[in-house]
Amino acid sequence: MARDLAPAAPARPLRRDAELNRQRIIAAARDVFGERGLEATLDDVAHHAGVGVGTVYRRFPSKEHLVEAMFVDQFETIREFAEEALRAEDPWEGFASFTWRAAELHAGDRGLREVMLSNVFGQERVAEAKSRMVPLITQLVERAQAAGALRADIVPTDMPLLHQMIGSVIEFTHGIQPDLWRRCLAMLLDGLRAEPGRATPLPHPPLDVEALEEVMCSFRLPKLR
């Protein structure tokens with residue numbers, strides 16, 4: 001007769017110093033990836049955190065694991081934005097407010113933009129967090145269309161591409177006019193209305209010729225052989 005197996009011992013919590021190191025690493029990663037994007041390395045994160053790279057690898061075996069730990073909470077914040085928008089009395093205001101709030105997060109965090117708008121980074125938890133957002137975005141789109149406020153030919157899969165457009169503006173203008181994306185998003189939302197009517201006042205002035213030239217020079221082109 002087989003012996004009863006003893007129940008597995010519960011996972012031991014991290015020691016206080018180990019947990020402090022973990023928190024320090026995540027905080028450093030938010031700074032580093034937020035500024036430089038996900039091309040930054042774990043060595044960069046370790047240097048910014050003031051710990052050895054071995055300490056980082058003990059807590060996070062790969063950059064994927066660190067990315068997952070960092071951004072799942074922010075995906076949850078975006079999901080909460082969508083749920084709040086669905087409770088708005090005016091379907092268009094709900095749709096527009098969600099779009100603005102999500103763009104605000106993207107504007108302040110290059111790493112989040114890269115995770116949010118691609119499938120390259122993040123493992124199961126990031127994919128799961130994204131999948132929970134799909135029905136909410138679908139409801140926001142369909143609710144605004146049912147109210148006659150949003151163009152009828154918009155589909156939910158258009159939304160990541162629209163955010164990608166704004167992300168590109170953020171990427172190339174953040175060092176010159178960091179709030180210029182607000183002007184572009186206001187124009188974009190006006191174009192999404194079923195009946196545009198009176199134009200929304202643009203919340204940011206345009207680039208002048210010199211600033212536009214500076215933005216154009218910031219584009220990274222492949223090197224010619």
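**Exercise 1.** Is R193 buried, partly exposed or exposed?

*Solution.* The structure is a predicted model, in which local features need pLDDT of at least 70 and side-chain atom pairs count only at pLDDT 80 or more, while totals for chains, interfaces and linings use all residues. Residues are numbered from 1 along each chain as its sequence is written, and side-chain values use heavy atoms, with hydrogens and water left out.

Step 1. Take the classes: buried means under 20% relative accessible area, exposed means over 50%, and partly exposed lies in between (1.4 Å probe, protein chains only).
Step 2. R193 has a relative accessible area of 24% and is partly exposed.
Step 3. The salt-bridge partner of R193 is D190, with the closest N and O atoms 3.8 Å apart. D190 counts as buried, at 13% relative accessibility.

**Exercise 2.** Which helices hold E104 and R182, and how many residues apart are they?

*Solution.* 
Step 1. Helices (H or I, at least four residues) are DSSP runs, numbered from the N terminus.
Step 2. E104 and R182 form a salt bridge at 2.7 Å, N to O.
Step 3. E104 belongs to helix α5 and R182 to helix α9; the pair links distant parts of the chain, 78 residues apart.
Step 4. E104 is partly exposed at 37% relative accessibility, and R182 is partly exposed at 22%.
Step 5. Another salt bridge joins D153 and R151, again with 2.7 Å from N to O. D153 is partly exposed at 49%, and R151 is partly exposed at 36%.

**Exercise 3.** How many aromatic pairs does a search of the whole structure find?

*Solution.* 
Step 1. Rings of Phe, Tyr and Trp (its six-membered ring) pair if their centres lie within 6.5 Å; planes under 30 degrees apart count as stacked, over 60 as edge-to-face and the rest as tilted.
Step 2. The search finds two aromatic pairs.
Step 3. One of them is W92 with F95, a tilted pair with 5.6 Å centre to centre and 35 degrees between the planes. W92 and F95 are three residues apart in helix α5 (residues 91–107), so about one helical turn separates them. W92 is buried at 5% relative accessibility, and F95 is buried at 1%.
Step 4. W100 and W181 also form a tilted pair, because their ring centres are 5.8 Å apart and their planes are at 50 degrees. W100 lies in helix α5 and W181 in helix α9 (residues 180–192), so this pair ties together parts 81 residues apart in sequence. W100 is partly exposed at 24%, whereas W181 is buried at 1%.

**Exercise 4.** Where does α4 bend, and by about how many degrees?

*Solution.* 
Step 1. Helix α4 (residues 63–86) has 24 residues and spans 35 Å from first C-alpha to last, close to the 34 Å expected at 1.5 Å a residue. The expected span is 1.5 Å times one less than the number of residues.
Step 2. The bend at a residue is the angle between axes fitted to the seven residues ending there and the seven starting there.
Step 3. α4 bends by about 35 degrees at F71.

How values were computed: Helix = DSSP H or I, 4+ residues; strand = E, 2+ residues; numbered from the N terminus. Salt bridge = Lys/Arg side-chain N within 4 Å of Asp/Glu carboxyl O.
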